[in-house]
Amino acid sequence: MRNIIMLGVAFVSLAGCATIVRGTTQTVAINTPGVPGATCTLTSSAIGSQVVTTPGVVTLEKGSSAVTIRCSKPCYNDGVGTLASNTDSMAAGNVLAGGVIGLGVDAATGAMNQYAPQADIVMTEDGSCHSGAPAPASKRRR
């Protein structure tokens with residue numbers, strides 16, 4: 001009987017854990033409004049470096065550090081943005097349900113953090129391309 005009670009207590013403690021409920025990864029949509037087909041590189045200590053073509057969706061490992069986004073496309077100035085990491089509201093509930101151990105697990109796995117579900121990176125024409133004219137050799141992708 002004691003083992004059953006202990007198992008029940010352990011189950012309830014872990015039920016509030018963001019690692020189990022929300023996981024350690026998250027999908028984020030990356031857009032460059034008005035400039036489809038841009039190549040965006042996302043970089044942080046949690047995810048390393050990932051590349052996505054817009055509009056696109058990327059799966060990121062959750063972490064406490066912000067993700068830097070740099071998008072490029074011929075004939076456009078690079079667009080730059082930051083995807084901030086925020087503490088998930090579930091982390092506060094975890095203190096009550098999962099205690100210090102659950103909070104520690106969520107912090108270690110990054111599960112207590114979340115990113116915005118979408119990032120819109122603004123890009124502007126750089127004036128090097130005229131309608132119908134090819135991009136200068138220095139701006140062409142290789």
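A disulfide is a pair of cysteine sulfur atoms within 2.5 Å. By this rule, the structure above holds two disulfides. Before we visit them, a word on the model: it is predicted, so local features need pLDDT of at least 70 and side-chain atom pairs count only at pLDDT 80 or more, while totals for chains, interfaces and linings use all residues. Residues are numbered from 1 along each chain as its sequence is written, and side-chain values use heavy atoms, with hydrogens and water left out.

Let's start with the link between Cys40 and Cys71, where the two sulfurs sit 2.0 Å from each other. The torsion about this S-S bond is about 110 degrees, so the disulfide of Cys40 and Cys71 is right-handed. Cys40 belongs to strand β2 (residues 39–44) and Cys71 to strand β5 (residues 67–72), so the bond ties together parts that are 31 residues apart in sequence. Strands here are DSSP runs of E with at least two residues, and they are numbered from the N terminus.

Are these two cysteines buried or exposed? Buried means under 20% relative accessible area, exposed over 50%, and partly exposed in between, using a 1.4 Å probe and protein chains only. Cys40 has 0% relative accessibility and therefore counts as buried; Cys71, also with a relative accessible area of 0%, is buried.

Now follow the chain to the link of Cys75 with Cys129, which has an S to S distance of 1.7 Å. Cys75 lies in the loop between β5 and β6 (79–83) and Cys129 in the segment after β9 (118–120), so this pair joins parts 54 residues apart in sequence. With -75 degrees about the S-S bond, the Cys75 and Cys129 link is left-handed. Both Cys75 and Cys129 are buried.

Counting bonded cysteines along the chain, the disulfides follow the pattern 1-2, 3-4.

Terms used:
Helix = DSSP H or I, 4+ residues; strand = E, 2+ residues; numbered from the N terminus.
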